[in-house]
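This report examines a single protein chain, with attention to its disulfide links and to one of its sheets. The sequence and the structure are shown first.

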Amino acid sequence: MQPRRIQIRSSRGYATLITVITILAIVFNVFVYNYEHLYAGSLVRYEEHHDNPELGEIVNRDSIELPNSRKLGHLTCEKYGKANQSVVDDLVYWYDIPSDQNYLNPYQDLTIRTGAEKYLLFEQDSAGFNNRRMSIETILIMGISMGRTIVLPPTQPIYMFKDRGGKHRHQFSFEDFFHLKEAHLEHPGVNIITMEEFLQRVLLQEEGLLVKDNGSGLPTFPPNNQTDWNNVRGQKLKELHDWFGKSTYSVTGWESNSCIAVWPKDTIMDVPAMDRIEDMMTTTPDKTHPKGRFKLPVPVPVNASISDRFEEQRATRKNLCLYNTTMQEQQIVYFNHAYDQSGNRFLSPFYTFHFYEDWYQALWTRRFVRDHLRYHDELMCAAARVLNAVRARVRKRGLSEIPDGSFHTSE
């Protein structure tokens with residue numbers, strides 16, 4: 001007789017930060033498992049090839065971190081209210097890999113060498129928190145892959161976060177949840193600023209930033225010279241978005257479920273490079289399943305050939321999203337949000353949307369998200385307390401805990 005699984009469902013209540021923390025606590029068991037196997041597993045696969053040449057040829061990289069030079073991260077909760085340390089340890093999935101801080105991708109290296117700062121602007125997704133989390137990971141990696149300074153949208157309401165009688169905060173920025181400042185400080189090629197900082201640069205024309213109207217070519221400034229757009233919404237916020245559309249290079253049609261972003265091994269996106277990438281798309285079979293599903297029996301090695309990795313990642317998508325020469329030349333690129341081809345939407349995991357010809361850049365990118373785009377320590381500690389309470393309640397009811405983290409009855 002198969003053991004019966006206990007399904008835990010949250011009751012209805014205010015959509016406050018406490019509710020978010022509760023959800024995070026329950027989800028983190030699966031979250032940790034997936035990240036450990038997807039990202040750390042990729043590194044382990046490299047190490048297996050490194051130690052066993054018969055498994056296949058592998059490119060030598062001086063900056064590869066082997067097991068004795070990486071260590072699991074650590075978190076203590078003394079500053080945020082005590083929590084059971086063993087439970088806290090269960091939630092830690094990120095690694096400390098010192099050499100990753102010094103890595104530069106081709107476009108980051110170009111930006112630092114030329115000193116020509118360029119910017120990526122974007123709108124927040126209008127859906128719920130998890131879709132926004134998935135979208136911000138994809139967009140941040142896009143800005144990093146372009147070597148651009150990423151401009152965070154202003155603080156805005158989040159769908160289903162309610163302000164009940166003015167007692168609950170419901171407007172947030174991404175900085176409220178993720179370690180964005182730390183990621184910026186720890187990596188010379190990662191630049192992240194707020195919308196207010198960006199608009200102040202526009203007004204003062206600092207850092208060589210001169211925004212021009214797309215029609216007249218004359219200098220232009222944000223509506224009413226306003227720089228603080230936090231907590232602005234509705235038609236008023238639309239004025240800012242409309243100004244972006246009229247004064248920047250506005251990108252449309254980048255939809256992560258229909259196209260795949262391909263990043264070349266260098267910064268050259270000339271005709272031969274375009275032909276090489278497009279040929280890869282036309283010669284790679286479409287993995288459409290007769291029932292509309294896509295499944296591979298075994299993942300390809302992290303250092304597999306470009307064609308094998310692309311075939312695995314392409315899945316059923318038929319279009320390319322390319323950072324072409326025209327986009328590269330723009331000082332500001334802007335990704336608006338829309339549900340059709342008039343805008344862009346990123347509702348796929350970043351590692352399925354971004355494809356890199358250089359397998360090591362792909363590996364570094366995944367490690368960067370795992371190790372640095374993570375929730376603030378305070379949230380993690382609150383999640384640990386909730387998870388500890390859930391486990392205590394389950395044990396009190398006479399249920400046994402098993403190694404995979406789920407709970408069964410004793411039947």
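The sections below move from the whole chain to its disulfides, then to a sheet and a loop residue.

## Model and confidence

The structure is a predicted model. The mean pLDDT of the protein chain is 78, and 73% of its residues reach 70 or more.

## Overall architecture

The protein chain contains 13 helices and 14 strands. Of its 411 residues, 48% are buried. The accessible surface comes to about 21100 Å², and carbon and sulfur atoms account for 50% of that area.

Among contacts in the protein chain with a separation of 6 or more, 76% are between residues 24 or more positions apart.

How many disulfides does the model hold? The count comes to 2 disulfides, taking a pair of cysteine sulfur atoms within 2.5 Å as the criterion. With bonded cysteines counted along the chain, the disulfides follow the pattern 1-4, 2-3.

One of these links is formed by C77 and C381, whose sulfur atoms are 2.1 Å apart. This pair connects distant parts of the chain, 304 residues apart: C77 is in the loop between β1 (71-72) and α2 (85-91), and C381 is in helix α13 (residues 377-396). The torsion about the S-S bond of C77 and C381 is about -90 degrees, and the disulfide is therefore left-handed. Is each cysteine of the pair buried or exposed? C77 has a relative accessible area of 4% and counts as buried, because the cut-off for this class is under 20%. C381 is likewise buried, with a relative accessible area of 0%.

## The disulfide of C259 and C321

C259 and C321 form a disulfide in which the sulfur atoms are 2.0 Å apart. The link of C259 and C321 is left-handed, with -85 degrees about the S-S bond. C259 belongs to strand β9 (residues 259-263) and C321 to strand β10 (residues 319-322), so the pair ties together parts that are 62 residues apart in sequence.

Both of these cysteines are buried: C259 has 2% relative accessibility, and C321 has a relative accessible area of 4%.

## The sheet around β9

Strands β9 and β10 belong to an open sheet of 3 strands with the order β10-β9-β12 and parallel pairing. β10 and β12 (354-356) stand at the edges, each with a single partner strand, so one side of each has no neighbour in the sheet. From one strand to the next, the twist averages 40 degrees. β9 pairs with β10 in the parallel sense over 4 bridges, and I260 has L320 of β10 as its bridge partner. β9 is also joined to β12 by 3 bridges, again with the strands running parallel; here V262 has F355 of β12 as its bridge partner.

How many residues of β9 are buried? The number is 5 of the 5 residues, so β9 is largely enclosed by the rest of the structure. In a regular strand, the side chains alternate between the two faces of the sheet. In β9, C259, A261 and W263 lie on one side, while I260 and V262 lie on the other; all of these are buried, and both faces of the strand are covered.

## A loop residue: T227

Where is T227 found? T227 is placed in the loop between α6 (195-204) and α7 (234-247). Its relative accessible area is 16%, and T227 is classed as buried because this value falls under the 20% cut-off.

Leaving aside residues up to four places away in sequence, T227 touches M195, E196, L199, Q200 and L203.

Key
Residues numbered from 1 in each chain as written. Predicted model: local features only at pLDDT ≥ 70, side-chain atom pairs only at ≥ 80, totals over all residues. Heavy atoms only, no water. Helix = DSSP H or I, 4+ residues; strand = E, 2+ residues; numbered from the N terminus. Buried < 20%, exposed > 50% of the residue type's maximum accessible area, 1.4 Å probe, protein only. Contact = heavy atoms within 4.5 Å. Areas by Shrake-Rupley, 256 points an atom, 1.4 Å probe, with all protein chains shown as cover. Pairing = 2+ DSSP bridges. Axes fitted to C-alpha atoms, helices over the stretch in contact; angles between N-to-C directions. pLDDT = per-residue confidence, 0-100.
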